[in-house]
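I ask you to keep the sequence and the structure in view while I speak.

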Amino acid sequence: MTRSTRRDASEPEARGSAGVPARGSAEPFAPSPPPEGVDVSPEAEVELVRAAQRGDAVALAGLVDRLAPFVGRICGPIALEHGEDAAQEALIAVLRDLPGLREPRALRGWARRVAAREAVRHAQAARREAARSGAEAGALPAPGDPALAADVRSVLARLGPEQRAILVLRDLEGLSEREAAAALAVEHGTVKSRLSRARAAFRRRWSS
Amino acid sequence: MVPVSWPAVELDPVARLRALAAALPHVAFEERVIEAPFARVWSYIEDMERGVPQFEGNVREIQVLRREGERLWLRSRSPLGLTLRMQAVLRPGWCVMGTASGGAQIGMAARAEGGRTRFAHFEGSRWLGRAARPLFRAFVRRDLAKLARLAESV
(Lines give C-alpha, C1' and ligand atoms only; values in the text may rest on other atoms or scores of the structure.)
Protein backbone atom coordinates (compact mmCIF):
# COMPACT_ATOMS: atom_id res chain seq x y z
CA MET A 1 0.00 0.00 0.00
CA THR A 2 1.35 3.35 -0.99
CA ARG A 3 1.35 6.11 1.58
CA SER A 4 1.00 9.72 0.58
CA THR A 5 3.68 12.29 1.19
CA ARG A 6 3.27 15.55 3.09
CA ARG A 7 0.97 18.21 1.72
CA ASP A 8 2.58 21.41 0.54
CA ALA A 9 0.15 24.29 1.13
CA SER A 10 2.08 26.45 -1.32
CA GLU A 11 0.91 24.32 -4.22
CA PRO A 12 -2.89 24.40 -4.18
CA GLU A 13 -2.99 23.62 -7.90
CA ALA A 14 -1.90 20.14 -7.00
CA ARG A 15 -5.49 19.41 -6.02
CA GLY A 16 -8.71 19.53 -7.99
CA SER A 17 -10.97 22.54 -7.78
CA ALA A 18 -12.86 20.90 -4.96
CA GLY A 19 -9.67 20.47 -2.98
CA VAL A 20 -9.62 16.74 -3.65
CA PRO A 21 -6.40 15.30 -5.06
CA ALA A 22 -7.19 15.16 -8.75
CA ARG A 23 -6.02 12.63 -11.29
CA GLY A 24 -4.19 15.00 -13.58
CA SER A 25 -2.71 17.34 -11.03
CA ALA A 26 -1.32 14.96 -8.47
CA GLU A 27 0.95 12.01 -8.83
CA PRO A 28 -1.41 9.28 -9.94
CA PHE A 29 -1.53 5.93 -8.24
CA ALA A 30 0.99 3.83 -10.08
CA PRO A 31 -0.67 0.50 -10.88
CA SER A 32 1.45 -2.58 -11.44
CA PRO A 33 2.93 -2.52 -14.92
CA PRO A 34 1.30 -5.03 -17.24
CA PRO A 35 3.13 -8.35 -17.22
CA GLU A 36 5.78 -8.81 -19.86
CA GLY A 37 4.45 -9.46 -23.35
CA VAL A 38 0.86 -8.63 -22.40
CA ASP A 39 -1.25 -6.84 -24.99
CA VAL A 40 -3.16 -4.21 -23.00
CA SER A 41 -5.42 -3.04 -25.83
CA PRO A 42 -9.24 -3.14 -25.43
CA GLU A 43 -9.41 -5.55 -28.38
CA ALA A 44 -7.06 -7.96 -26.59
CA GLU A 45 -9.29 -7.72 -23.51
CA VAL A 46 -12.36 -8.64 -25.57
CA GLU A 47 -10.52 -11.70 -26.86
CA LEU A 48 -9.45 -12.63 -23.34
CA VAL A 49 -13.05 -12.43 -22.11
CA ARG A 50 -14.27 -14.65 -24.94
CA ALA A 51 -11.50 -17.21 -24.42
CA ALA A 52 -12.10 -17.22 -20.65
CA GLN A 53 -15.81 -17.79 -21.25
CA ARG A 54 -14.84 -20.87 -23.29
CA GLY A 55 -12.94 -22.26 -20.29
CA ASP A 56 -9.38 -21.14 -21.06
CA ALA A 57 -7.74 -20.81 -17.62
CA VAL A 58 -4.75 -18.92 -19.05
CA ALA A 59 -7.09 -16.32 -20.54
CA LEU A 60 -8.86 -16.06 -17.20
CA ALA A 61 -5.46 -15.51 -15.57
CA GLY A 62 -4.86 -12.71 -18.08
CA LEU A 63 -8.08 -11.07 -16.94
CA VAL A 64 -6.98 -11.42 -13.32
CA ASP A 65 -3.77 -9.55 -14.23
CA ARG A 66 -5.85 -6.71 -15.63
CA LEU A 67 -8.69 -6.62 -13.13
CA ALA A 68 -6.82 -7.09 -9.83
CA PRO A 69 -5.10 -3.64 -9.98
CA PHE A 70 -8.31 -2.10 -11.34
CA VAL A 71 -10.53 -3.27 -8.47
CA GLY A 72 -7.70 -2.59 -5.98
CA ARG A 73 -7.63 1.04 -7.08
CA ILE A 74 -11.36 1.36 -6.37
CA CYS A 75 -11.65 -0.76 -3.21
CA GLY A 76 -8.56 0.67 -1.44
CA PRO A 77 -9.73 4.27 -0.95
CA ILE A 78 -13.32 3.22 -0.15
CA ALA A 79 -12.80 0.24 2.17
CA LEU A 80 -9.38 1.36 3.50
CA GLU A 81 -8.00 -1.35 5.83
CA HIS A 82 -10.67 -3.75 4.51
CA GLY A 83 -9.71 -2.93 0.93
CA GLU A 84 -7.91 -6.19 0.33
CA ASP A 85 -10.89 -8.31 1.39
CA ALA A 86 -13.23 -6.14 -0.66
CA ALA A 87 -10.96 -6.33 -3.72
CA GLN A 88 -10.67 -10.09 -3.49
CA GLU A 89 -14.42 -10.56 -3.15
CA ALA A 90 -15.12 -8.12 -5.98
CA LEU A 91 -12.68 -10.01 -8.20
CA ILE A 92 -14.33 -13.33 -7.31
CA ALA A 93 -17.79 -11.91 -8.06
CA VAL A 94 -16.70 -10.60 -11.45
CA LEU A 95 -14.86 -13.76 -12.50
CA ARG A 96 -17.67 -16.02 -11.28
CA ASP A 97 -20.30 -14.19 -13.28
CA LEU A 98 -18.11 -13.76 -16.35
CA PRO A 99 -19.85 -16.54 -18.33
CA GLY A 100 -23.04 -14.44 -18.25
CA LEU A 101 -21.38 -11.29 -19.62
CA ARG A 102 -22.78 -10.85 -23.13
CA GLU A 103 -20.81 -7.77 -24.16
CA PRO A 104 -17.09 -8.12 -23.35
CA ARG A 105 -16.57 -4.37 -23.75
CA ALA A 106 -18.82 -3.81 -20.75
CA LEU A 107 -16.34 -5.64 -18.50
CA ARG A 108 -14.65 -2.59 -16.96
CA GLY A 109 -17.86 -0.70 -16.19
CA TRP A 110 -19.39 -3.79 -14.65
CA ALA A 111 -16.23 -4.56 -12.62
CA ARG A 112 -16.17 -0.95 -11.41
CA ARG A 113 -19.76 -1.22 -10.17
CA VAL A 114 -19.10 -4.52 -8.43
CA ALA A 115 -15.90 -3.20 -6.80
CA ALA A 116 -17.50 0.03 -5.57
CA ARG A 117 -20.51 -1.72 -4.07
CA GLU A 118 -18.38 -4.45 -2.51
CA ALA A 119 -16.06 -1.85 -0.99
CA VAL A 120 -18.96 0.16 0.44
CA ARG A 121 -20.48 -3.03 1.87
CA HIS A 122 -17.20 -3.96 3.60
CA ALA A 123 -16.65 -0.44 4.92
CA GLN A 124 -20.22 -0.19 6.23
CA ALA A 125 -19.88 -3.55 7.97
CA ALA A 126 -16.61 -2.41 9.55
CA ARG A 127 -18.21 0.85 10.67
CA ARG A 128 -21.14 -1.01 12.25
CA GLU A 129 -18.74 -3.36 14.01
CA ALA A 130 -16.60 -0.47 15.24
CA ALA A 131 -19.69 1.34 16.51
CA ARG A 132 -20.80 -1.79 18.39
CA SER A 133 -17.41 -2.26 20.01
CA GLY A 134 -16.88 1.45 20.59
CA ALA A 135 -13.56 1.27 18.77
CA GLU A 136 -14.27 3.81 16.04
CA ALA A 137 -13.24 6.96 17.88
CA GLY A 138 -9.98 5.47 19.01
CA ALA A 139 -9.16 4.10 15.57
CA LEU A 140 -9.32 7.50 13.92
CA PRO A 141 -6.24 9.70 13.80
CA ALA A 142 -6.26 12.62 16.16
CA PRO A 143 -7.44 15.88 14.55
CA GLY A 144 -4.70 18.41 14.05
CA ASP A 145 -1.91 15.91 13.78
CA PRO A 146 0.08 17.49 10.93
CA ALA A 147 1.64 14.25 9.75
CA LEU A 148 -1.68 12.45 9.57
CA ALA A 149 -3.61 15.42 8.27
CA ALA A 150 -1.37 15.38 5.20
CA ASP A 151 -2.16 11.78 4.51
CA VAL A 152 -4.92 11.09 2.03
CA ARG A 153 -5.70 7.83 3.72
CA SER A 154 -6.27 9.40 7.09
CA VAL A 155 -8.44 12.11 5.57
CA LEU A 156 -10.49 9.51 3.74
CA ALA A 157 -10.85 7.55 6.97
CA ARG A 158 -12.79 10.46 8.44
CA LEU A 159 -15.43 10.26 5.72
CA GLY A 160 -18.22 7.73 5.51
CA PRO A 161 -17.93 4.80 3.07
CA GLU A 162 -20.64 6.29 0.84
CA GLN A 163 -18.74 9.59 0.63
CA ARG A 164 -15.47 7.81 -0.13
CA ALA A 165 -17.19 5.81 -2.86
CA ILE A 166 -18.52 8.88 -4.61
CA LEU A 167 -15.14 10.65 -4.40
CA VAL A 168 -13.38 7.64 -5.88
CA LEU A 169 -15.84 7.23 -8.74
CA ARG A 170 -16.01 10.94 -9.61
CA ASP A 171 -12.53 12.25 -8.81
CA LEU A 172 -10.35 9.20 -9.28
CA GLU A 173 -12.25 7.19 -11.89
CA GLY A 174 -13.63 10.26 -13.67
CA LEU A 175 -17.23 9.03 -13.96
CA SER A 176 -20.06 11.50 -14.56
CA GLU A 177 -22.61 11.98 -11.80
CA ARG A 178 -25.12 9.85 -13.71
CA GLU A 179 -22.56 7.06 -14.23
CA ALA A 180 -21.59 7.17 -10.57
CA ALA A 181 -25.28 7.02 -9.58
CA ALA A 182 -25.73 3.93 -11.75
CA ALA A 183 -22.59 2.31 -10.34
CA LEU A 184 -23.76 2.79 -6.76
CA ALA A 185 -27.44 2.09 -7.50
CA VAL A 186 -28.59 5.42 -6.04
CA GLU A 187 -30.54 8.40 -7.45
CA HIS A 188 -28.74 11.10 -9.40
CA GLY A 189 -29.80 13.67 -6.80
CA THR A 190 -28.32 11.55 -4.03
CA VAL A 191 -24.98 11.50 -5.84
CA LYS A 192 -25.08 15.27 -6.28
CA SER A 193 -25.69 15.99 -2.61
CA ARG A 194 -23.35 13.24 -1.40
CA LEU A 195 -20.57 14.48 -3.65
CA SER A 196 -20.99 18.05 -2.52
CA ARG A 197 -20.85 17.03 1.14
CA ALA A 198 -17.93 14.65 0.54
CA ARG A 199 -15.85 17.28 -1.25
CA ALA A 200 -16.58 19.85 1.43
CA ALA A 201 -15.69 17.39 4.18
CA PHE A 202 -12.52 16.32 2.38
CA ARG A 203 -11.45 19.92 1.77
CA ARG A 204 -12.13 20.87 5.37
CA ARG A 205 -10.18 17.94 6.79
CA TRP A 206 -7.40 18.18 4.23
CA SER A 207 -6.67 21.77 5.18
CA SER A 208 -7.22 21.40 8.95
CA MET B 1 3.44 19.25 -8.03
CA VAL B 2 2.52 17.49 -4.83
CA PRO B 3 2.76 13.73 -5.08
CA VAL B 4 -0.44 12.33 -3.64
CA SER B 5 -1.43 8.71 -3.76
CA TRP B 6 -4.83 7.26 -3.16
CA PRO B 7 -4.56 4.18 -0.97
CA ALA B 8 -5.00 1.43 -3.55
CA VAL B 9 -4.58 -2.20 -2.59
CA GLU B 10 -2.60 -4.79 -4.47
CA LEU B 11 -3.65 -8.43 -4.25
CA ASP B 12 -0.74 -10.84 -3.87
CA PRO B 13 -0.46 -13.90 -6.16
CA VAL B 14 -2.06 -16.27 -3.64
CA ALA B 15 -5.10 -13.99 -3.24
CA ARG B 16 -5.35 -13.69 -7.01
CA LEU B 17 -5.21 -17.47 -7.48
CA ARG B 18 -7.88 -17.89 -4.79
CA ALA B 19 -10.13 -15.55 -6.79
CA LEU B 20 -9.33 -17.31 -10.05
CA ALA B 21 -10.09 -20.74 -8.57
CA ALA B 22 -13.39 -19.47 -7.15
CA ALA B 23 -14.46 -18.71 -10.70
CA LEU B 24 -13.75 -22.26 -11.89
CA PRO B 25 -16.44 -24.40 -10.27
CA HIS B 26 -14.87 -27.72 -11.21
CA VAL B 27 -11.36 -27.13 -9.80
CA ALA B 28 -10.10 -28.04 -6.34
CA PHE B 29 -8.08 -25.37 -4.56
CA GLU B 30 -5.83 -25.79 -1.53
CA GLU B 31 -3.21 -23.73 0.29
CA ARG B 32 -0.35 -24.80 2.50
CA VAL B 33 2.51 -23.12 4.31
CA ILE B 34 5.80 -24.77 3.38
CA GLU B 35 8.70 -24.53 5.81
CA ALA B 36 11.18 -23.40 3.16
CA PRO B 37 12.09 -20.03 1.61
CA PHE B 38 10.19 -18.77 -1.43
CA ALA B 39 13.13 -19.08 -3.84
CA ARG B 40 13.65 -22.73 -3.02
CA VAL B 41 9.97 -23.62 -3.31
CA TRP B 42 9.44 -21.69 -6.52
CA SER B 43 12.53 -23.23 -8.15
CA TYR B 44 10.48 -26.40 -8.69
CA ILE B 45 7.91 -24.48 -10.74
CA GLU B 46 10.37 -22.22 -12.51
CA ASP B 47 12.34 -25.17 -13.82
CA MET B 48 9.17 -26.52 -15.33
CA GLU B 49 10.50 -29.49 -17.31
CA ARG B 50 12.48 -30.96 -14.42
CA GLY B 51 10.68 -29.52 -11.40
CA VAL B 52 6.94 -29.92 -12.03
CA PRO B 53 6.93 -33.69 -12.74
CA GLN B 54 8.68 -34.20 -9.38
CA PHE B 55 5.57 -33.21 -7.40
CA GLU B 56 2.64 -32.90 -9.82
CA GLY B 57 1.21 -36.41 -9.87
CA ASN B 58 -0.79 -35.99 -13.08
CA VAL B 59 2.22 -34.86 -15.09
CA ARG B 60 4.83 -37.48 -15.86
CA GLU B 61 6.61 -35.42 -18.45
CA ILE B 62 6.43 -31.83 -19.58
CA GLN B 63 8.16 -30.18 -22.48
CA VAL B 64 8.41 -26.47 -23.19
CA LEU B 65 7.84 -26.15 -26.95
CA ARG B 66 8.03 -22.37 -27.17
CA ARG B 67 8.60 -19.47 -24.84
CA GLU B 68 7.77 -15.78 -25.37
CA GLY B 69 8.35 -13.74 -22.24
CA GLU B 70 5.96 -15.11 -19.63
CA ARG B 71 3.98 -17.17 -22.15
CA LEU B 72 4.85 -20.82 -22.62
CA TRP B 73 3.55 -23.44 -25.01
CA LEU B 74 3.79 -26.90 -23.49
CA ARG B 75 3.27 -30.56 -24.23
CA SER B 76 2.56 -32.69 -21.19
CA ARG B 77 2.08 -36.41 -20.74
CA SER B 78 0.11 -37.95 -17.91
CA PRO B 79 1.07 -41.20 -16.11
CA LEU B 80 -1.66 -42.91 -18.16
CA GLY B 81 -0.09 -41.72 -21.41
CA LEU B 82 -2.56 -38.91 -22.23
CA THR B 83 -0.75 -36.15 -24.13
CA LEU B 84 -2.02 -32.59 -23.86
CA ARG B 85 -0.97 -29.38 -25.50
CA MET B 86 -1.24 -26.55 -23.05
CA GLN B 87 -0.41 -22.90 -22.73
CA ALA B 88 0.94 -21.35 -19.58
CA VAL B 89 1.82 -18.03 -18.02
CA LEU B 90 4.80 -18.22 -15.70
CA ARG B 91 6.46 -15.58 -13.55
CA PRO B 92 7.82 -15.57 -10.00
CA GLY B 93 4.99 -16.55 -7.66
CA TRP B 94 2.43 -17.18 -10.42
CA CYS B 95 1.83 -20.02 -12.84
CA VAL B 96 -1.41 -20.92 -14.62
CA MET B 97 -1.58 -23.55 -17.34
CA GLY B 98 -4.30 -25.27 -19.26
CA THR B 99 -5.74 -26.38 -22.55
CA ALA B 100 -7.76 -23.85 -24.54
CA SER B 101 -11.03 -25.71 -23.95
CA GLY B 102 -10.50 -26.18 -20.22
CA GLY B 103 -9.81 -29.94 -20.39
CA ALA B 104 -6.95 -29.42 -17.97
CA GLN B 105 -6.60 -26.45 -15.66
CA ILE B 106 -3.72 -26.08 -13.24
CA GLY B 107 -2.74 -23.08 -11.14
CA MET B 108 0.08 -22.44 -8.68
CA ALA B 109 0.93 -19.31 -6.72
CA ALA B 110 3.24 -18.51 -3.85
CA ARG B 111 4.22 -15.67 -1.56
CA ALA B 112 6.93 -15.42 1.05
CA GLU B 113 5.83 -15.38 4.68
CA GLY B 114 9.01 -14.57 6.52
CA GLY B 115 11.34 -17.48 5.84
CA ARG B 116 8.41 -19.71 4.91
CA THR B 117 6.23 -19.87 1.80
CA ARG B 118 2.48 -19.88 1.40
CA PHE B 119 1.77 -22.02 -1.62
CA ALA B 120 -1.60 -22.31 -3.37
CA HIS B 121 -2.52 -24.87 -5.98
CA PHE B 122 -5.61 -25.77 -7.99
CA GLU B 123 -6.35 -28.43 -10.47
CA GLY B 124 -9.44 -29.56 -12.36
CA SER B 125 -10.99 -30.40 -15.68
CA ARG B 126 -13.94 -28.79 -17.38
CA TRP B 127 -14.47 -32.03 -19.30
CA LEU B 128 -14.86 -34.05 -16.11
CA GLY B 129 -16.91 -31.34 -14.39
CA ARG B 130 -17.74 -30.84 -10.74
CA ALA B 131 -18.21 -34.53 -10.08
CA ALA B 132 -14.45 -35.02 -10.32
CA ARG B 133 -13.65 -32.27 -7.82
CA PRO B 134 -13.17 -34.58 -4.80
CA LEU B 135 -10.72 -36.57 -6.85
CA PHE B 136 -8.80 -33.44 -7.82
CA ARG B 137 -8.83 -32.31 -4.19
CA ALA B 138 -7.01 -35.49 -3.28
CA PHE B 139 -4.54 -34.90 -6.13
CA VAL B 140 -3.89 -31.31 -5.06
CA ARG B 141 -3.30 -32.30 -1.43
CA ARG B 142 -0.96 -35.04 -2.54
CA ASP B 143 0.96 -32.59 -4.77
CA LEU B 144 1.28 -30.04 -1.98
CA ALA B 145 2.54 -32.65 0.46
CA LYS B 146 5.08 -33.83 -2.08
CA LEU B 147 6.30 -30.33 -2.89
CA ALA B 148 6.62 -29.57 0.82
CA ARG B 149 8.66 -32.73 1.37
CA LEU B 150 10.95 -31.86 -1.54
CA ALA B 151 11.50 -28.23 -0.55
CA GLU B 152 11.78 -28.89 3.18
CA SER B 153 14.26 -31.73 2.78
CA VAL B 154 16.90 -29.68 0.93
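I begin with E35 of chain B, which is located in the loop between β1 (27–34) and α2 (38–46) of chain B. Please bear in mind throughout that this is a predicted model. If we set aside the neighbours within four places in sequence, E35(B) is in contact with R116(B) and E152(B). Let us also consider L65(B), which stands 30 residues from E35(B) along the chain. The C-alpha atoms of these two residues are separated by 33 Å.

V41(B) belongs to helix α2 of chain B.

I now turn to chain A as a whole. How many helices and strands does chain A have? It has 10 helices and zero strands, and from the N terminus on its elements run α-α-α-α-α-α-α-α-α-α. Of the 208 residues in chain A, 50% are buried. The chain exposes about 9,900 Å², and carbon and sulfur atoms supply 50% of that area. Consider next the contacts in chain A with a separation of 6 or more: residues 24 or more positions apart account for 67% of them.

Let us look at how particular helices pack, starting with α1 (residues 42–53) and α2 (residues 57–79) of chain A. Their axes are 8 Å apart, and the packing angle is about 135°. That angle makes α1(A) oblique to α2(A). The crossing of α1(A) and α2(A) is left-handed. On the side of α1(A), the contact is made by A44(A), E45(A), L48(A), V49(A), A51(A) and A52(A). On the side of α2(A), it is made by A59(A), L60(A), G62(A), L63(A) and R66(A). Sorted by class, the contact of α1(A) with α2(A) has eight nonpolar residues, one polar and two charged.

The loop between α2 and α3 of chain A contains L80(A). This residue has a positive phi of about 50°, although it is not a glycine. Most residues other than glycine have a negative phi. L80(A) is buried, and its relative accessible area is 4%.

The next pair is helix α3 (residues 83–96) and helix α4 (residues 107–133) of chain A, which pack at an angle of about 140° with their axes 9 Å apart. Therefore α3(A) and α4(A) are oblique to each other. The crossing of α3(A) and α4(A) is right-handed. Helix α3(A) contributes D85(A), A86(A), E89(A), A90(A), A93(A) and V94(A) to the contact. From α4(A), the residues include L107(A), W110(A), A111(A), V114(A) and A115(A). The residues of this contact divide into 10 nonpolar, one polar and four charged.

Helix α3 of chain A also holds Q88(A). Q88(A) is buried, with a relative accessible area of 15%. Which residues does Q88(A) touch, not counting those up to four places away in sequence? They are L11(B), A15(B), R18(B) and A19(B).

Two further places in chain A deserve attention. Among the buried residues are P161(A), I166(A), L167(A), V168(A) and L172(A). Just after α8(A), G174(A) takes a positive phi of about 75°.

A185(A) is exposed, with a relative accessible area of 57%, while L80(A) is buried.

Thank you for your attention.

Technical notes: Residues numbered from 1 in each chain as written. Chains lettered and ligands numbered in written order. Predicted model: local features only at pLDDT ≥ 70, side-chain atom pairs only at ≥ 80, totals over all residues. Heavy atoms only, no water. Helix = DSSP H or I, 4+ residues; strand = E, 2+ residues; numbered from the N terminus. Buried < 20%, exposed > 50% of the residue type's maximum accessible area, 1.4 Å probe, protein only. Contact = heavy atoms within 4.5 Å. Areas by Shrake-Rupley, 256 points an atom, 1.4 Å probe, with all protein chains shown as cover. Axes fitted to C-alpha atoms, helices over the stretch in contact; angles between N-to-C directions. Parallel < 35°, antiparallel > 145°, perpendicular 65-115°, else oblique. Left-handed = near helix turned anticlockwise from the far one by under 90°. Nonpolar A, V, L, I, M, F, W, Y, C, P; charged D, E, K, R; others polar.
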